[in-house]
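Here is a short note to read beside the model. Please keep the structure open while going through the points.

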Amino acid sequence: MSVRIDDTDRKILAELQRDAGQSLDEIAARVGSSKTPVWNRIRKLKGAGIIGQQTVLLDAEALGFEATFFVLIRTSEHEADWQRKFLKALKDHPEVQEAHRLAGDIDYILKVRVKNARAYDQFYQSLISEVRVHNVTALLSMEEIKSTTMLPLNALAKGA
């Protein structure tokens, strides 16, 4: 379903990205509209698949997850069965926050959030026992400089 996004929709989406827990009244006031039209637009955007699952962002460090590793994986396996096992392993490990298949020398990159290096090693040992990989390189993030889930809505073309 294709839907046109106008300035009001962009404002609503920006508000929801900033804080999806706001009331409809708050969103409507911030975008200069009233509650019912905002609700109708949100329903339209959800129906079009533009607004997906709504969640709460937790503070990982406050919960004791102090280590973020970026894991670079090279594999010589590219068969459907291996890929199915690999995808299942990733889904079965909640430590994996993101996984991307890449073009270039590295096949996959994972973002893995754990309590410490020992917890990362446990994840690593579990992963390599479940699927065969050619090479794994783990990079420890020393400092998170920027992390956001917000899309740059101002980059959308008018009337897109």
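1. Which side chains meet in a salt bridge at 2.9 Å, N to O? They are Glu15 and Arg18. A salt bridge here is a side-chain nitrogen of Lys or Arg within 4 Å of a carboxyl oxygen of Asp or Glu. Both residues lie in helix α1 (residues 7-18), 3 residues apart, about one turn of the helix. Helices (H or I, at least four residues) and strands (E, at least two) are DSSP runs, numbered from the N terminus.

2. This is a predicted model: local features need pLDDT of at least 70, side-chain atom pairs count only at pLDDT 80 or more, and totals for chains, interfaces and linings use all residues. Residues are numbered from 1 along each chain as its sequence is written, and side-chain values use heavy atoms, without hydrogens and water.

3. Glu15 counts as buried because its relative accessibility is 13%. Arg18, at 43%, is partly exposed. Buried means under 20% relative accessible area, exposed over 50%, partly exposed in between (1.4 Å probe, protein chains only).

4. Helix α4 (residues 80-92) holds Asp81 and Arg84, 3 residues apart. Their side chains form a salt bridge at 2.4 Å, N to O. Lys88 and Asp92 pair too, at 2.5 Å. These two are 4 residues apart in α4, so about one helical turn separates them. Shared partners join Asp6, Asp9, Arg41 and Lys44 into one salt-bridge network. The count comes to 10 salt bridges.

5. Ile109 sits in strand β3 (residues 108-114). At 23% relative accessibility, Ile109 is partly exposed. Ala99 is 10 residues away in sequence but 5.8 Å away in space, C-alpha to C-alpha.
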